[in-house]
Amino acid sequence: MQISVYRDYQTLSFQAADRIIEMVGQKPDAVLCLAAGDTPRLTYDTLAERAASENIDFSQCTFVGLDEWVGIPPENEGSCHYFLQKHLFEPVRISSDQIHLFDALTSDPDDECRKMNQLISTLGGIDLMLVGIGMNGHIGFNEPGASPERYAHVVNLDEATQTVGQKYFRQPTVLRQGITLGLKHLLEARKVILIANGAKKAGVIKQTIEGPITPELPATILRMHRNSEVMLDEEAASG
Ligand code: PGA
């Protein structure tokens, strides 16, 4: 696992956007899994600016979703779907036939997982995953205790995730379950980048890098990946 530390959030975001652009330059039909969340916000703003000014062609790429809150409709501002549309797909001008996100309103979440697993396998796997890290060390909704053997699945959310997740919503929202790609997807992706910024992530980042590799801190699994990178600003690296 490579570790890169940048001066501040701006520089980190610029570099993360650069990794995505680099991937698409090398492989124009790349399969990308880019997370929602506060952390990658500026990465996507930068990506949109550079896509326009440098004429970067994403038209052959495929985008697969990382996770979603079960039961939260796509028009809800707190959904991953809404976030990605607003901050990534619309500004970067990705057409809807290139986008495959989890349907959080499905009556059959297990089937939704099977469909996503099948799609990723048909596409030949994920080329680049860009993920954040939860305060409890989760990646996507792979919560503490998640098995590294699992592909997409439905999960009962950790209490920390239910509480921290409120920040994405205008009103208090019941968040009980998530649907997520599994750690096996992460391990099989050709490249995984975890980004984190701010002092509040310093503790969990220290554990991810220096603590024991354990399912209790799912992000530590990245240390078993042959091509993973943790990109941090100085505050997140301060532990
Ligand atoms: P954040 O979320 O980017 O909003 O901090 C990260 C996560 O929970 O995975």
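## Pocket, cavity and salt bridges

Among the 36 residues that line the largest pocket, Ala36, Gly37, Asp38, Lys167 and Tyr168 lie nearest its centre. Elements giving two or more residues to this lining are S4, H3 and helix H5 (159-164); the largest share, five residues, comes from H3. The pocket has a volume of about 650 Å³. By class, its lining has 15 nonpolar, 13 polar and eight charged residues.

The model is predicted: local features need pLDDT of at least 70, side-chain atom pairs count only at pLDDT 80 or more, and totals for chains, interfaces and linings use all residues. Residues are numbered from 1 along each chain as its sequence is written, and side-chain values use heavy atoms, with hydrogens and water left out.

A pocket is an open set of points on a 1 Å grid over the protein atoms alone, with protein on both sides within 12 Å along at least five of seven lines; in a cavity a 1.4 Å probe fits but cannot get out, and lining residues have an atom within 4 Å of a point. Helices (H or I, at least four residues) and strands (E, at least two) are DSSP runs, numbered from the N terminus.

The count comes to one cavity of 30 Å³ or more, and the largest cavity has a volume of about 30 Å³. Its lining consists of Gly65, Asp67, Glu68, Cys80, His81, Leu84, Leu101 and Phe102. Four lining residues are nonpolar, two polar and two charged.

The whole structure holds 15 salt bridges (a side-chain nitrogen of Lys or Arg within 4 Å of a carboxyl oxygen of Asp or Glu). Three of them are listed here.

| Pair | N to O distance |
|---|---|
| Lys167 and Asp38 | 3.1 Å |
| Glu77 and Arg170 | 2.9 Å |
| Glu229 and Lys191 | 3.3 Å |

The salt bridge of Lys167 and Asp38 ties together parts that are 129 residues apart in sequence, because Lys167 lies in the loop between H5 and strand S8 (177-180) and Asp38 in the loop between strand S2 (31-34) and H2. Both residues are partly exposed, Lys167 at 42% relative accessible area and Asp38 at 31%. Here buried means under 20% relative accessible area, exposed over 50%, and partly exposed in between (1.4 Å probe, protein chains only).

In the salt bridge of Glu77 and Arg170, Glu77 lies in the loop between S4 and H3 and Arg170 in the loop between H5 and S8, so the pair joins parts 93 residues apart in sequence. Glu77 is partly exposed at 34%, whereas Arg170 is exposed at 72%.

The salt bridge of Glu229 and Lys191 links strand S10 (residues 228-233) with strand S9 (residues 191-196), so parts 38 residues apart in sequence are tied together. Glu229 is buried, with 1% relative accessibility, and Lys191 is buried at 15%. Elsewhere, salt bridges that share partners join Asp111, Glu112, Arg114 and Lys115 into one network.

Leu47 lies in helix H2 (residues 41-53) and is buried, with a relative accessible area of 1%. The C-alpha atoms of Leu47 and Ala17 are separated by 5.3 Å, although the two are 30 residues apart along the chain.

Note on methods. Points joined across faces, edges and corners; volume = space filled by probe spheres on them. Nonpolar A, V, L, I, M, F, W, Y, C, P; charged D, E, K, R; others polar.
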